[in-house]
Amino acid sequence: MSDAVFRRILITGGAGFIGSHFVRLALAAGIPSVVVLDKLTYAGSLLNLEEVLDDPRVRFLEGDIADPAAVAEAMAGCDAVVNFAAETHVDRSLLEPAAFIRTNVWGTMVLLEQALRLGVGRFLHVSTDEVYGEVLSGSVSEDEPLRPRNPYAASKAAAEHFVFAYWTSYGLPVLVTRGCNTYGPYQHPEKFIPLAITNLLTGRPIPLYGDGLHERDWLYVEDHCRAIWTVLVRGEPGQAYNIGAGQHRPNIAVARALVRLLGADPSAIVHVADRPGHDRRYAVDWSRLRALGWRPMVDFEDGLARTVAWYRARTDWWSARRDAAFAAYYARNYQGREGYRNQP
Ligand code: NAD
Ligand code: TDX
């Protein structure tokens, strides 16, 4: 299947972190028409699409994936759909899970329903390695059962079950990717790496949950987008594809690397109360994706240096949104919950 096979792609959540990188990739791949549907929640911003909004091939629609009318308009004439739109922060899901069910589960079902009605040729749903739950040793293949352990992961797993139900019940040509922890430019400063960088740049500490020995596999955002592209173009409908990086690090090692890169004092790393139900480790086996010809290109030290350089240069991007999002978040949610969560 050649890349030119798609005439028009709908990218939901395209004004978010990974979705905005994917919009740039799709344009670079020569797709003649790219529709972005995004609700512009606290996590989305047109600034993330600043380089491409004037491109005549791009049509941006502000709207909700849980709204059938908005989805019908956005999906009209599309031969492929890539669903990035989601509530994505585990800590928020522990405080307000309803929003996660609404967007991640109900919203996905609305997209599936419209895709079926319109006869979309390929529906790729972006999921996460968190659906497997914690993997204390070794790595999991796509055939392992899903054992999500926090509300975010539960909502992503529930969405996946609907995606596969539309394949089994109606033959909708679906694909699912389960990516590992992703980092890079344009990631909201609520997530660990940009939170740590922006805290160090503003003289604040890095809040490290628990003993800091929780382990994640870190994937540079452009590698993640190339992996999704590979699955969209060459994947087999009805299948899930794990995406790993082979760059496992305990959180404390990530914090120390950032302290070094930013020339901060090691005392800037402060242990705080743990996240409840904090998954100890994630690790996926991505040989199915490797067989399609993909491999990660950016190693962690290189990707981290690029990311730090971007945040250093783009205070304009993160400063106001960081303060506004954190102020609203803490004002709304933290009364009575200080016992488990700490101000960054
Ligand atoms: P993000 O939070 O940066 O972006 C999410 C985007 O979705 C935002 O632009 C937001 O405005 C939009 N959105 C939210 N609710 C919406 C709704 N109801 N309708 C339309 N748009 C809506 O997230 P991200 O980190 O870019 O993650 C993108 C996808 O990748 C998610 O599905 C996430 O589960 C998955 N994922 C993320 C990671 C990671 O480490 N960031 C890893 C694996 C998988
Ligand atoms: O302040 C913090 N201190 C800390 O120690 C924060 C925000 C996080 N952490 C820890 C928790 C995790 O072990 O760092 C690790 C990474 O945390 P997050 O950036 O919140 O990511 P995680 O919970 O692992 O989930 C991420 O990866 C899978 C994304 O947010 C999800 O959207 C994705 O699906």
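β5 gives the most residues to the shell around ligand 1, with 3. Strands here are DSSP runs of E of at least two residues, helices are runs of H or I of at least four, and both are numbered from the N terminus. This is a predicted model, where local features need pLDDT of at least 70, side-chain atom pairs count only at pLDDT 80 or more, and totals for chains, interfaces and linings use all residues. Residues are numbered from 1 along each chain as its sequence is written, chains are lettered from A and ligands numbered from 1 in the order written, and side-chain values use heavy atoms, without hydrogens or water.

Stay with ligand 1. There are 30 residues around ligand 1, and Ile 18, Asp 38, Thr 88, Tyr 152 and Lys 156 come nearest. Around means a heavy atom within 4 Å. An N or O atom in the Asp 38 side chain is 2.6 Å from a ligand 1 oxygen. For Asp 64, a side-chain N or O atom sits 2.8 Å from a ligand 1 nitrogen. Alone, ligand 1 exposes 840 Å², and the protein buries 96% of that. Those areas are Shrake-Rupley values with a 1.4 Å probe.

Now ligand 2. Which residues come nearest? Glu 130, Tyr 152, Pro 207, Arg 275 and His 278, out of 20 around ligand 2. A polar side-chain atom of Arg 275 lies 2.6 Å from a ligand 2 oxygen. Pro 207 uses a polar backbone atom, 2.7 Å from a ligand 2 nitrogen. Taken alone, ligand 2 exposes 650 Å², with 94% of that buried by the protein. β8 gives the most to this ligand 2 shell, with 3 residues.

Key
A polar contact is a pair of N or O atoms within 3.5 Å; within protein, one must be able to donate a hydrogen and the other to accept it, and residues adjacent in sequence count only if both atoms are side-chain atoms.
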